[in-house]
Amino acid sequence: MLELKHDLRLAKTRDEKARMNFVSGLRAHVLNDLASGMRSVYDAKVEPQFRREQKRVPKDGPEVHKAIKGNDYFKFYSTLRVTAQDMVWQSVIPPLERNRPELKQKAAKLAGKSKARGTLRLQPNFEVPRYVSAIDVHLMAGNYDGEYEKDDLAAGSLYDNGLAVFSFGLMGQNLDDIGQSIAGFIRLKYPNLQPKKILDLGCTIGHNTGSWKDHFPEAEVHGIDVAAPCLRYAHARAEAQDRTVHFHQMNAEKLDFPDASFDVVFSSMFLHEVPKKSIAKIMNEAYRVLKPGGLMLHMELPPNSQLSAYDAFYLDWDSAYNNEPFYKPFRDLRPEDLCQKAGFDPKKYVQFVIPSVGWYGEKVWREAATRPPEVDSDKTGRLTDGILWYCFGAWK
Amino acid sequence: MSRQPMRRTIRGGRPYFFDDPAIDKVLNMVVVLASEVWTLRERLMAMEAIQVTRGGLKAGEIDRFEFKPEDEANLSAQRKEYIDSLFRVLAEQVDEARRSKPAPSAAPAKAQRSKALKSKANKATARKKK
């Protein structure tokens, strides 16, 4: 299990750590070993049977899903994945429950420390959209916005500690591999881009927001989210790491920032959490707040249009079984269309597949800035050994 | 707002994959149990390592250790008790079968059971036909 490095980490007993270790190991087994086993079963049994019956190969993810659904291996893979997902949160809740009073004190101390450089702006009576308030995404009870006391930040801690168990090391020692890989990549690839202001949409606990500050120390970095407990936690977490980030409670569909005020508008693993109607509004807002010459960049799961039928099915699994109702609908959209509809010039569309800097090391990652890998790979966007991060966007 | 305990159940429930969701549930219990077995192993390993550091144990001493015959006998009896209790639920069924007499009072129960079995068989054929 990955131990968080900052001051908000929870004190855990030996047994609690062991349970977390077990769940991390179980997840690695399911997502590496069982996942590759399922692919072999598909190739050897499921696909040939489909071909015999239909005289063709499955054309997309849903057809693969339908063909494999009755297979025992799929059932074991799936039920074990759900079990492991549930156990991620269940392994964190007992130590978190015990540490809540202390966590709150620590956070208050960090937020109020004299050298606190970042800020936190919450909105009283803020209306959390139903696509967040009504569901438990990733089977995380309480979701990002659930509050259990005044000035609560338990949901932020649950997410941070849960992510440490969940990612079995693939999201970096500080859970910021996405931010580090991408912000660093952009700096290498576009040395002339010298952003003064950077915005991270749907930043949750700010784990990938801080990376922009690391790679662009001169820039003013802002993160927005709708969930107050995550933002409170994000603020304290950034202070604990001595990163100057400004957090705001805001809905990305209706940003409270002036036109043309940011040089970079970023998001990671965010668009697939919101319905299509909201995605369009978010893209419009990103366009609006971006300065001419600025860059919009969304790190996401790769779109179905650029994946093989099997890989599409594999990623769609989350939509059907991990409380991710908007995940497949988003991945069915074409990212280039999304950018164009928001007003971006199609000629200024960009997309990258960036090797995880933590997994591949600096050398491979640096090389990718000159020659990025293809999207169509079973490593793109998939939490597995050798992960590659996908992102798309456009210049304004 | 006073402090409330955190919610632990998932809104919307969880998905099931086997024809009978009981299989998914039992598998979940098995994995949770496996996690506790692992937890014990880590704890034991920690205890052993502490003892080795303090000089109370030599490295590898436990692996070379043999129980005295009387301890072995005690352990063996405890192991049997443990296994019996693990399968208690099956023993209950046997106890009940042995207690029941083939007296007239048992007849309706038997009829009921054969009726239940029949309907189960019918269901199975119906499923096959699908």
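Figure 1. Asp316(A) touches Asn304(A), Tyr327(A), Lys328(A) and Arg331(A), leaving out residues up to four places away in sequence. Contact means heavy atoms within 4.5 Å. Asp316(A) is found in helix 10 of chain A. Helices (H or I, at least four residues) and strands (E, at least two) are DSSP runs, numbered from the N terminus. Asp316(A) counts as buried because its relative accessibility is 8%. Buried means under 20% relative accessible area, exposed over 50%, and partly exposed in between (1.4 Å probe, protein chains only). This is a predicted model, in which local features need pLDDT of at least 70, side-chain atom pairs count only at pLDDT 80 or more, and totals for chains, interfaces and linings use all residues. Residues are numbered from 1 along each chain as its sequence is written, chains are lettered from A and ligands numbered from 1 in the order in which they are written, and side-chain values use heavy atoms, with hydrogens and water left out.

Figure 2. Ser305(A) sits in the loop between strand 6 (290–300) and helix 10 of chain A. Its relative accessibility is 48%, so Ser305(A) counts as partly exposed. Neighbours within four places in sequence aside, Ser305(A) is in contact with Arg331(A) and Arg334(A). Arg331(A) is also among the residues touched by Asp316(A). Ser305(A) and Ala107(A) are 198 residues apart along the chain, and 44 Å separates their C-alpha atoms.

**Figure 3. Helix 2 of chain A and its packing partners.** Helix 2 covers residues 61–68. Its buried residues are Gly61(A), Glu63(A), Val64(A), His65(A) and Ile68(A). They pack against helix 1 (14–54), helix 3 (72–112) and helix 10 (309–321) of chain A. At the start of helix 2, a side-chain oxygen of Asp60(A) comes within 3.1 Å of the backbone nitrogen of Glu63(A).

**Figure 4. Pro94(A), in contact with both chains.** Pro94(A) is found in helix 3 of chain A. It is in contact with Glu16(A) and Arg8(B), leaving aside neighbours within four places in sequence. Pro94(A) has a relative accessible area of 34%, so it is partly exposed. Its C-alpha atom and that of Arg14(A) are separated by 13 Å. Along the chain, Pro94(A) and Arg14(A) are 80 residues apart.

**Figure 5. Asn284(A) in helix 9.** Helix 9 spans residues 276–289 of chain A and contains Asn284(A). Asn284(A) touches Lys341(A) and Ala342(A), not counting residues up to four places away in sequence. Asn284(A) counts as partly exposed because its relative accessibility is 39%. Tyr314(A) lies 30 residues from Asn284(A) in sequence and 30 Å from it in space, C-alpha to C-alpha.

Figure 6. Most residues other than glycine have a negative phi. Phi of Leu139(A) is near 60°, a positive value. Leu139(A) lies in the loop between helix 4 (130–133) and helix 5 (154–166) of chain A. With a relative accessible area of 2%, Leu139(A) is buried. Phi of Met269(A) is near 50°, again a positive value. Met269(A) is placed in the loop between strand 5 (262–268) and helix 9 of chain A. Met269(A) counts as partly exposed, at 26% relative accessibility.

**Figure 7. Chain A as the setting for the close-ups.** Chain A holds 14 helices and eight strands. Its radius of gyration is 21 Å, close to the 21 Å that the globule rule gives for 396 residues, so chain A is as compact as a globular protein of that length. The radius is taken over C-alpha atoms, and the globule rule is 2.2 Å times the number of residues to the power 0.38. The C-alpha trace spans about 70 × 55 × 45 Å along its principal axes. Of the 396 residues, 63% count as buried. Among contacts between residues at least 6 apart in sequence, 79% join residues at least 24 apart.

**Figure 8. Chain B, built of helices.** Chain B has five helices and zero strands. Along the sequence the pattern reads α-α-α-α-α. Of its 130 residues, 10% count as buried. Chain B exposes about 11500 Å², and carbon and sulfur atoms supply 59% of that area. Accessible areas come from the Shrake-Rupley method with a 1.4 Å probe; for residues, only the protein chains shown count as cover.

Definitions and conventions
Polar contact = N/O pair within 3.5 Å; in protein donor to acceptor, adjacent residues only side chain to side chain.
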